[in-house]
Amino acid sequence: MISAATETHPPIPSGTDLLDPLSKQAPPLPCRTENSDLWFAEKPADLEMAKAFCHQCPARLACLSGALERRELWGVWGGEIFDRGRILPRKRPRGRPRKDEAAKAAAAVVAA
């Protein structure tokens, strides 16, 4: 006899089902529906946008753990920015910091 619980509830997708684009249970993943260049962009604003997309993704934790296992060198994985294998809270733009930003940072250090 089949119980009513198994008839009304669909199976819970596993992490691999969420990442499999051919799975019928897989929701659309932002990294597959949005501009894929965002996840490997140079501009900090683009990386922050990719991180925002990741935070809404049902596969975020599976993606992050996979990236850590594979020791990804760069890109946004599971809502985190990887740069040379390290996780960064945010990426700075290329080049030297602006003088007014350097002055604010020095003033904050002196005040502390």
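Author: Gladly! Let us start with the elements: helices (H or I, at least four residues) and strands (E, at least two) are DSSP runs, numbered from the N terminus. Ala50, for instance, lies in helix H4, and Lys51 has its place in helix H4 too. This is a predicted model, where local features need pLDDT of at least 70, side-chain atom pairs count only at pLDDT 80 or more, and totals for chains, interfaces and linings use all residues. Residues are numbered from 1 along each chain as its sequence is written, and side-chain values use heavy atoms, leaving out hydrogens and water.

Reader: How do you know that the span of H4 agrees with what a helix should have?

Author: The expected span is 1.5 Å times one less than the number of residues. H4 has twelve residues (residues 44-55), so it should span 16 Å, and its end C-alpha atoms are 17 Å apart, which agrees.

Reader: Why is Ala50 called buried?

Author: Buried means under 20% relative accessible area, exposed over 50%, and partly exposed in between, with a 1.4 Å probe and protein chains only. Ala50 has 0% relative accessibility, so Ala50 counts as buried.

Reader: And what makes Lys51 buried?

Author: Its relative accessible area is 11%, so Lys51 is buried by that cut-off. Contact means heavy atoms within 4.5 Å. Not counting residues up to four places away in sequence, Lys51 touches Val76, Gly79, Ile81 and Pro89, while Ala50 touches Leu38, Trp39 and Val76. The C-alpha atoms of Ala50 and Trp39 are separated by 5.6 Å, with the two residues eleven apart along the chain.

Reader: How do you know that the buried residues of H4 line one face?

Author: The buried residues in H4 are Pro44, Leu47, Ala50, Lys51 and Cys54. Seen down the helix axis, they fall within an arc of 115°, so they line one face of H4. That arc is taken from the directions from the helix axis to the C-beta atoms. These residues pack against helix H5 (60-70), strand E1 (74-77) and strand E2 (80-83).

Reader: What puts the buried residues of H5 on the same side?

Author: In H5, Leu64, Gly66 and Ala67 are buried. They cover an arc of only 165° around the axis, so they sit on the same side of H5. Leu61 and Glu69 are exposed on the other side. E1 and E2 are among what covers the buried residues of H5.

Reader: Which residues make up the largest nonpolar core, and why is it called a core?

Author: A nonpolar core is a set of buried Ala, Val, Leu, Ile, Met, Phe, Trp, Tyr and Cys residues joined through side-chain atoms within 4.5 Å. Here the largest one has eight residues: Leu38, Trp39, Ala41, Leu47, Ala50, Cys54, Val76 and Ile81. H4 gives the most to this core, with three residues. In soluble globular proteins, nonpolar side chains tend to be buried together.

Reader: What makes E1 and E3 edge strands?

Author: Two strands pair if DSSP finds at least two bridges between them. The open sheet has three strands in the order E1-E2-E3, with antiparallel pairing. E1 and strand E3 (86-88) each pair on one side only, and that makes them the edge strands.

Reader: How many bridges join E2 to E3?

Author: Three bridges join these antiparallel strands, and the definition asks for at least two, so they pair. Leu88 in E3 is the bridge partner of Ile81.
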